[in-house]
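My entries follow in the order I looked things up.

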Amino acid sequence: MVNNLEYYKVFYYVASYRSLTAAADALAISQPAVSQSVKQLETTLGTKLFTRASRGVRLTQEGELLFGYVAKGYEQIELGEQKLKQMLNLDLGEIHIGASDMTLQFYLLPFLERFHEKYPEIKVVVTNAPTPETLYNLREGKIDFGVISTPFDEQSSLQTTVVREIEDVFVAGRKFISYKNKMLDLQELENMPIIFLEGVTSTRNNMNQFLQKNHVEVKPEFELATSDMIVQFALRNLGVGCVVRDFAQEYLDAGQLFELRFNKIIPRRHFCVVTDTKNPISAAARNLLALVHET
């Protein structure tokens, strides 16, 4: 193991530029110093890392192997420095947020609008994804924080703040008017053309668990990518849609859709802001979180 990591820095630059001279210029040191560092590293490792080329140098097979690992490490160091600068400078900061269509539309968007008015130079990148993918991105350090909906698998490193209650409902149009104002048994869902979200989402997982717990087995007529599309299908009487109430509220208020009532209460869920204590977040992200939490 080489104690002086400066040798690896010189190796990285020589391998990147394929030239001792160009590496020396980039590092602002003399070419003999570059040559000496490379030679010292080769001696310590017991192998040649470079050979002479018509123009500069080229990596040996052993050098190529080592460079693949050193490059990753050096680039991670540069990324760390970049993150640190972003933390310390609100004018040049960058925030990475994970949110689904639902949490973005019905919770986060007004805060982003206010934050942008206050800090117009800060770049905000929103990764649009369902809860499981947002949690993965958070653990991997790809986002500063996430706004997700329950249920989700809580982990010891997660710091969770409940910010809003939400409610799952089944809605339908005039074709299913016979169900309106009736107290239905959950089992009756088995005989209805149900419209669900497709894929792995907290909304779909929650409803699957609730129905399974109550011994109800539903085979959806349609599985769609978005809750907005579920509402549109319900408006066209293509089935009974399962959505978070916010998506259908406008049409419920207008009487274009109605909510089905059941003898079992569907548990309320929540929007949560989550951070990972193992991963530091930028000063800009901390300011946005402060705005969220104070509200």
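**Entry 1: the sheet**

I began with strand E9 (residues 194-197), which pairs with E10 in the parallel sense over three bridges. A reminder to myself that this is a predicted model.

From E11 I moved on to E7. These two pair in the antiparallel sense, with four bridges. Val169 stands opposite Val243 in E11. E7 also runs antiparallel to E12, and two bridges join them. In that pairing Ala172 has Phe258 of E12 as its bridge partner.

What order do the five strands take in the sheet? I wrote it down as E10-E9-E11-E7-E12, an open sheet with mixed pairing. The edges are strand E10 (222-224) and E12, each of which pairs on one side only.

**Entry 2: how covered is E7?**

I then checked burial along E7. Five of its five residues are buried, so I have it down as mostly covered, with buried meaning under 20% relative accessible area. In a regular strand the side chains alternate between the two faces of the sheet. I therefore sorted E7 by side: Asp168, Phe170 and Ala172 are on one and Val169 and Val171 on the other, all of them buried, so both faces are covered.

I also looked for a helix packed here. H9 lies across E7, strand E11 (240-244) and E12, and runs at about 120° to E11.

**Entry 3: salt bridges**

How many salt bridges are there? I get ten. I followed up three of them.

Arg245 forms one with Glu167, with the closest N and O atoms 3.1 Å apart. Arg245 is in helix H9 (residues 245-253) and Glu167 in the loop between strand E6 (158-166) and strand E7 (168-172), so this pair ties together parts 78 residues apart in sequence.

Arg269 pairs with Asp168, and here the closest N and O atoms are 2.7 Å apart. This links distant parts of the chain, since Arg269 is in strand E14 (residues 269-276) and Asp168 in strand E7, 101 residues apart. Are the two partners buried or exposed? Arg269 is buried at a relative accessible area of 2%, and Asp168 is buried too, at 3% relative accessibility.

Glu259 is in strand E12 (residues 258-259) and Arg245 in helix H9, so the pair ties together parts 14 residues apart in sequence. Why do I count Glu259 as buried? Its relative accessible area is 15%, and the cut-off is under 20%.

Which residues end up in one network through shared partners? My list reads Glu165, Glu167, Arg245, Glu259, Arg261 and Arg268.

**Entry 4: helix pairs**

Two packed helices are described by the angle between their axes and the distance between the axes. I took down both values for two pairs.

First, helix H1 (residues 6-17) against helix H2 (residues 20-27): they pack at about 125°, with axes 8 Å apart. That angle makes H1 oblique to H2. The crossing is right-handed. On the H1 side, the contact is made by Lys9, Val10, Tyr13, Val14 and Tyr17; H2 brings Leu20, Ala22, Ala23, Ala26 and Leu27.

Then helix H5 (residues 101-118) against helix H10 (residues 283-294): I have an angle of about 120° and axes 10 Å apart. H5 is therefore oblique to H10. Right-handed or left-handed? H5 and H10 cross in the right-handed sense. From H5, the residues that meet H10 are Tyr107, Phe111, Leu112, Arg114 and Phe115. They meet Ala284, Asn287, Leu288, Leu291, Val292 and Glu294 in H10.

Technical notes: Residues numbered from 1 in each chain as written. Predicted model: local features only at pLDDT ≥ 70, side-chain atom pairs only at ≥ 80, totals over all residues. Heavy atoms only, no water. Salt bridge = Lys/Arg side-chain N within 4 Å of Asp/Glu carboxyl O. Buried < 20%, exposed > 50% of the residue type's maximum accessible area, 1.4 Å probe, protein only. Pairing = 2+ DSSP bridges. Contact = heavy atoms within 4.5 Å. Axes fitted to C-alpha atoms, helices over the stretch in contact; angles between N-to-C directions. Parallel < 35°, antiparallel > 145°, perpendicular 65-115°, else oblique. Left-handed = near helix turned anticlockwise from the far one by under 90°.
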